[in-house]
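Here is a short note for a colleague opening this entry for the first time. Please keep the sequence and the 3D view side by side while reading.

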Amino acid sequence: QVLLVESGGGLVQAGGSQRLSCEASGFTFRSYTMGWFRQAPGKEREYVAAIVWNGQTSYADSVKGRFTISRDNAKNTMYLQMNSLKPEDTAVYSCARRRTTYSGSGRDYDESLYAYWGQGTQVTVSS
């Protein structure tokens, strides 16, 4: 049973930092591309970042230079380090796993390519 559990959300002031974690179980974590998405109130879910099974990373333009995605395959965990947070970063952040092994890069922003999702963790950035 595939399970993705996010943690690390909360309230932070603008300009601050926060680190999200996504703990995975039920599959061979190191073989899959993983992604972070977010959904703000009244808006559609949007791509944030992805990390391919081989370590290659990609980011949405809105977070490039501020957010860093990483993974620890020994711990079956993915991370999202968020720096210089802005009020517009306020959203529910969810992690997701690609449908197939050893896939990724080029279309990691396409949420239809992800098969499993976590329940999400709320990040609120106050101005």
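Which residues of the largest nonpolar core touch the most other members? The points below start there.

1. **Basis.** This is a predicted model: local features need pLDDT of at least 70, side-chain atom pairs count only at pLDDT 80 or more, and totals for chains, interfaces and linings use all residues. Residues are numbered from 1 along each chain as its sequence is written, and side-chain values use heavy atoms, with hydrogens and water left out.

2. **The core.** Trp36, Met78, Leu80 and Tyr93 touch the most other members of the largest nonpolar core, which has 33 residues. At least two residues of this core come from each of β3, β4 (34–39), β5, β7 (67–72), β8 (77–82), β9 (91–98) and β11 (121–126). Strand β5 gives the largest share, 5 residues. A nonpolar core here is a set of buried Ala, Val, Leu, Ile, Met, Phe, Trp, Tyr and Cys residues joined through side-chain atoms within 4.5 Å. Buried means under 20% relative accessible area, exposed over 50%, and partly exposed in between (1.4 Å probe, protein chains only). Strands are DSSP runs of E, at least two residues long, numbered from the N terminus.

3. **Alanine 50.** This residue lies in strand β5, residues 46–51. Alanine 50 is buried, because its relative accessible area is 0%. Leaving aside neighbours within four places in sequence, its contacts (heavy atoms within 4.5 Å) include Met34, Ile69, Asp108 and Tyr114. The C-alpha atoms of alanine 50 and tyrosine 109 are separated by 7.6 Å, yet the two residues are 59 apart along the chain.

4. **The open sheet.** Four strands form an open sheet in the order β1-β3-β8-β7, with antiparallel pairing. Its edge strands are β1 and β7, each pairing on one side only. The twist averages 15 degrees from one strand to the next. Two strands pair if DSSP finds at least two bridges between them. Antiparallel β1 and β3 (residues 18–25) are joined by 5 bridges; antiparallel β3 and β8 are joined by 6. Follow serine 21 in β3: serine 7 stands opposite it, and serine 21 also stands opposite tyrosine 79 in β8.

5. **Strand β1.** Which side chains of β1 (residues 3–7) are buried? Leu4 and Glu6 are, and they point to one face.

6. **Aromatic pairs.** Rings of Phe, Tyr and Trp (its six-membered ring) pair if their centres lie within 6.5 Å; planes under 30 degrees apart count as stacked, over 60 as edge-to-face and the rest as tilted. The count comes to 7 aromatic pairs. Phenylalanine 27 and phenylalanine 29 make a tilted pair, 6.3 Å centre to centre with 50 degrees between the planes. Phenylalanine 37 and tyrosine 47 make an edge-to-face pair, at 5.7 Å and 65 degrees. Phenylalanine 37 lies in β4 and tyrosine 47 in β5, so this pair ties together parts 10 residues apart in sequence. Both phenylalanine 37 and tyrosine 47 are buried. Ring pairs link Phe37, Tyr47, Tyr114 and Trp117 into a cluster.

7. **Charges over rings.** The charged end of arginine 45 sits over the ring of tryptophan 117, 3.7 Å from its centre. Arginine 97 lies over the face of tyrosine 32, at 3.7 Å from the ring centre. The rule asks for NZ of Lys or CZ of Arg within 6 Å of the ring centre and within 35 degrees of the ring normal.

Note on methods. Axes are lines fitted to C-alpha atoms, for helices over the stretch in contact, and angles run from 0 to 180 degrees between N-to-C directions.
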